Amino acid sequence: MKSKTKISLVISVCVLFFAILSTFLAIIFIQFGSTKSEKNTSRLILGFSQIGSESAWRTRNTQSIFEAAEANGIQILFDDAQQKQENQLKAIRSFIVYQVDVIAFVPIVEDGWDNVLREAKNAGIPVIIVDRQINAPEYLYSGFLGENSLEEGHKAAQYLLKKCAGKSSPVNILEISGTENSSIVKGRANGFREGIAEDSKFNIIHSENGDFLRSRGKEIAENLIQKSRDSDNFKNDVLYFDEKKIDVIFSHNDSMTLGLLDSFTNYGINPADTIIISFDAEQKSIDALVGKKLNCVVECNPNLGEMLMQLVKQVAAGKSIPRITYNEEKIFTEYDDFSKYEPRGY
């Protein structure tokens with residue numbers, strides 16, 4: 001009798017033990033399954049550092065990325081670097097700490113990124129470079145998305161060669177360049193120089209850094225005008241540099257070009273014979289082209305958002321992307337049919 005009671009007790013204890021064990025395992029399974037399901041269905045997180053908001057082009061570039069992120073269900077952690085590389089380095093490191101899925105950033109300058117990229121690499125976070133290229137080992141980042149700045153420079157040179165095809169006298173060029181040590185400045189400058197090198201009549205007589213800012217373009221023009229006035233060589237239809245007539249102004253972006261035009265308006269300058277070439281194709285520069293205040297505008301397309309989101313999804317899934325992805329870009333010149341121009345949207 002006692003033996004049967006003991007057996008029954010053992011059986012009861014075993015049943016209770018297995019019941020508790022089953023319940024415990026079920027809870028773990030449910031929790032694990034829930035976590036896994038939540039991770040699979042959660043939005044990708046993109047850490048994005050923009051260099052600033054110095055122009056209508058840059059503002060549109062940022063808007064394009066936010067619009068595309070929303071359309072693709074991707075969450076953005078955003079940082080405005082306010083034109084400072086140290087701010088971008090801090091932002092990228094904060095993205096790493098937050099453990100975002102992907103990092104993308106517009107580098108202010110080419111150099112100085114190796115260490116932070118290596119930190120992202122060690123954290124297993126892929127990085128996409130946007131708009132401007134960098135000098136860093138390729139294994140440290142997934143790829144580049146943006147413009148072909150060298151080709152942009154070539155397009156500007158091709159226009160100028162056509163424009164000045166019938167001239168035999170020297171053609172003096174003033175260059176207003178963008179942010180020093182940025183890839184886009186080097187590309188546009190090199191492409192332009194390569195293009196005009198085939199004709200010895202073209203001479204770049206002066207190059208000055210305008211930092212892609214409208215205020216700097218205005219300042220550079222004012223200095224030229226004032227020096228012309230001080231030398232008693234002032235004419236309201238001609239610009240000079242060191243008493244040499246400027247035939248061409250090669251400006252690296254619309255903001256600086258529009259600043260230049262601001263000064264012309266303020267001082268009553270109408271340099272009708274001066275050829276002015278600009279980049280970006282903001283609406284205001286296209287309007288100036290239509291109004292015969294500019295001669296050529298090379299497009300730098302800011303609408304990178306959708307292309308970036310597709311690349312983000314690929315690298316987040318562990319897939320490789322092209323080393324370089326260029327956006328489609330056009331050129332607008334005085335020879336165009338202006339009636340076919342569509343609103344730029346920026």
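## Salt bridges overall

Let's start with the charged pairs: the count comes to 18 salt bridges. Please keep in mind that this is a predicted model.

## Arg 43 and Glu 70

One of these pairs joins Arg 43 to Glu 70, with their closest N and O atoms 3.8 Å apart. Arg 43 sits in the loop between α1 (2–41) and β1 (44–50), while Glu 70 belongs to helix α2 (residues 56–71), so the bridge ties together parts that are 27 residues apart in sequence. Arg 43 is partly exposed, at 42% relative accessible area, and Glu 70 is exposed, at 58%.

## Buried pairs

Asp 131 and Arg 58 also form a salt bridge, and here the closest N and O atoms are 2.9 Å apart. This pair links distant parts of the chain, 73 residues apart: Asp 131 in strand β4 (residues 127–131) and Arg 58 in helix α2. Asp 131 has a relative accessible area of 1%, under the 20% cut-off, and is therefore buried; Arg 58 is buried too, at 3%.

Glu 299 pairs with Arg 344, their closest N and O atoms being 2.8 Å apart. Glu 299 is in strand β12 (residues 296–299) and Arg 344 in the segment after β14 (331–333), a link between distant parts of the chain, 45 residues apart. Both Glu 299 and Arg 344 are buried.

## Helices α3 and α4

The axes of α3 (residues 85–98) and α4 (residues 114–122) come within 10 Å and cross at roughly 10 degrees, so the two helices are roughly parallel to each other. Leu 89, Ile 92, Arg 93 and Ile 96 of α3 meet Asn 115, Val 116, Glu 119 and Ala 120 of α4 in this contact. By class, the contact has five nonpolar, one polar and two charged residues.

Terms used:
Residues numbered from 1 in each chain as written. Predicted model: local features only at pLDDT ≥ 70, side-chain atom pairs only at ≥ 80, totals over all residues. Heavy atoms only, no water. Axes fitted to C-alpha atoms, helices over the stretch in contact; angles between N-to-C directions. Helix = DSSP H or I, 4+ residues; strand = E, 2+ residues; numbered from the N terminus. Parallel < 35°, antiparallel > 145°, perpendicular 65-115°, else oblique. Contact = heavy atoms within 4.5 Å. Nonpolar A, V, L, I, M, F, W, Y, C, P; charged D, E, K, R; others polar. Salt bridge = Lys/Arg side-chain N within 4 Å of Asp/Glu carboxyl O. Buried < 20%, exposed > 50% of the residue type's maximum accessible area, 1.4 Å probe, protein only.
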